[in-house]
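Good morning, colleagues. Please turn to the sequence and the structure as they come up on the screen.

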Amino acid sequence: MLRSALTALVRALPAPAAEAHCDGPCGVYDPASARVAAEAVLSMTKKLKAMEAPAAGDAAALAAYNNTSGRYVAIKEEEAQKTKKELLILWTDYFKPEHLATFPDLHDTFWKAAKLCSACKVNIDQAKAEELMAAVEKVHGMFWQSKGRSDAWVTAS
């Protein structure tokens with residue numbers, strides 16, 4: 001009874017279909033979102049490397065240490081995945097075949113940057129996080145050059 005009433009209601013009042021941001025050809029792209037996420041990866045990696053394990057036998061300190069390191073790792077992995085997503089959107093949606101004439105290493109640059117995102121997710125490696133920032137900076141330069149602009153590379157930290 002309730003099911004048929006709800007079905008009738010849904011048929012009478014259909015909701016409009018919702019579309020995700022990138023499903024529409026809005027043309028709004030910016031490598032800044034990849035930079036912010038990559039910076040968070042580097043920041044979390046530095047914080048993890050700076051952590052010192054508590055003395056043996058201090059259960060409360062060990063619990064706090066585990067909680068903090070777990071949070072840092074979760075954020076690092078989430079931000080690395082965001083970086084990869086933002087880079088893939090630029091690579092597959094913004095850049096076109098005609099950009100290869102200007103940037104013959106376009107595919108290699110994005111492929112290596114995506115691999116660095118994965119490496120940053122599974123490791124606590126400051127060198128890889130710094131390489132990721134350098135890769136995102138290279139994408140930043142390619143992106144703005146393709147638009148005929150020269151926006152400065154500015155980081156938050």
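Please bear in mind that the model is predicted.

Let me begin with helix H2, residues 32-50, and helix H6, residues 126-146. Their axes lie 9 Å apart and meet at an angle of about 165°. Angles over 145 degrees count as roughly antiparallel, and H2 and H6 are therefore roughly antiparallel to each other. The crossing in which H2 passes H6 is left-handed. On the H2 side, the contact is made by Ala34, Arg35, Ala38, Glu39, Val41, Leu42, Thr45, Lys46 and Lys49. On the H6 side, the contributors are Gln126, Ala129, Glu130, Leu132, Met133 and Val136. By class, the residues of this contact of H2 with H6 comprise eight nonpolar, two polar and five charged.

Next, how does H2 pack with H3? The angle between H2 and H3 is about 155°, and their axes are 8 Å apart. That arrangement makes H2 roughly antiparallel to H3. The crossing of H2 and H3 is left-handed. From H2, the residues involved are Ser33, Ala34, Ala37, Ala38, Ala40, Val41, Met44, Thr45, Lys47 and Leu48. They meet a set of H3 residues that includes Ser69, Tyr72, Val73, Ile75, Lys76, Glu79 and Ala80. Further along H3, Lys82, Thr83, Glu86 and Leu87 also take part. The residues of the contact of H2 with H3 divide into 12 nonpolar, four polar and five charged.

The remaining pair is H3 and H6. Here the angle is about 30°, with the axes 12 Å apart. Angles under 35 degrees count as roughly parallel, and H3 and H6 are therefore roughly parallel to each other. The crossing of H3 and H6 is left-handed. H3 contributes Thr83, Leu87, Leu90 and Tyr94, while H6 contributes Leu132, Val136, Val139, Phe143 and Ser146. By class, the contact of H3 with H6 holds seven nonpolar residues, two polar residues and no charged ones.

I turn now to the helices themselves. H3 has 36 residues, and its first and last C-alpha atoms are 51 Å apart, close to the 52 Å expected at 1.5 Å a residue. H6 has 21 residues, which should span 30 Å at 1.5 Å a residue; its end C-alpha atoms are 30 Å apart, which agrees.

Which residues of H3 are buried? Among them are Ser69, Tyr72, Lys76, Glu79, Ala80 and Thr83, as well as Lys84, Leu87, Ile89, Leu90, Trp91 and Tyr94. The buried residues of H3 pack against H2, helix H4 (99-102), H5 and H6. In H6, the buried residues are Ala129, Leu132, Met133, Ala135, Val136, Val139, His140, Met142, Phe143 and Trp144. These buried residues of H6 pack against H2, helix H3 (59-94) and helix H5 (106-122).

Ala34 is found in helix H2. With a relative accessible area of 0%, Ala34 is buried. Leaving aside its neighbours within four places in sequence, Ala34 is in contact with Thr83, Glu86, Leu87 and Val136. Ala34 and Lys82 are 48 residues apart in sequence, yet 7.2 Å apart in space, C-alpha to C-alpha.

Thr45 also lies in helix H2. Is Thr45 buried or exposed? Its relative accessibility is 1%, so Thr45 counts as buried. Beyond its neighbours within four places in sequence, Thr45 is in contact with Lys76, Ile124, Asp125, Gln126 and Ala129.

Ala80 lies in helix H3. Ala80 is buried, with a relative accessible area of 0%. Setting aside its neighbours within four places in sequence, Ala80 is in contact with Val41, Cys117, Cys120 and Lys121. Ala80 and Leu132 are 52 residues apart in sequence and 9.3 Å apart in space, C-alpha to C-alpha.

To summarise the packing, H2 runs roughly antiparallel to H6 and roughly antiparallel to H3, whereas H3 and H6 are roughly parallel to each other. Thank you for your attention.

How values were computed. Residues numbered from 1 in each chain as written. Predicted model: local features only at pLDDT ≥ 70, side-chain atom pairs only at ≥ 80, totals over all residues. Heavy atoms only, no water. Axes fitted to C-alpha atoms, helices over the stretch in contact; angles between N-to-C directions. Helix = DSSP H or I, 4+ residues; strand = E, 2+ residues; numbered from the N terminus. Parallel < 35°, antiparallel > 145°, perpendicular 65-115°, else oblique. Left-handed = near helix turned anticlockwise from the far one by under 90°. Contact = heavy atoms within 4.5 Å. Nonpolar A, V, L, I, M, F, W, Y, C, P; charged D, E, K, R; others polar. Expected span 1.5 Å × (residues − 1). Buried < 20%, exposed > 50% of the residue type's maximum accessible area, 1.4 Å probe, protein only.
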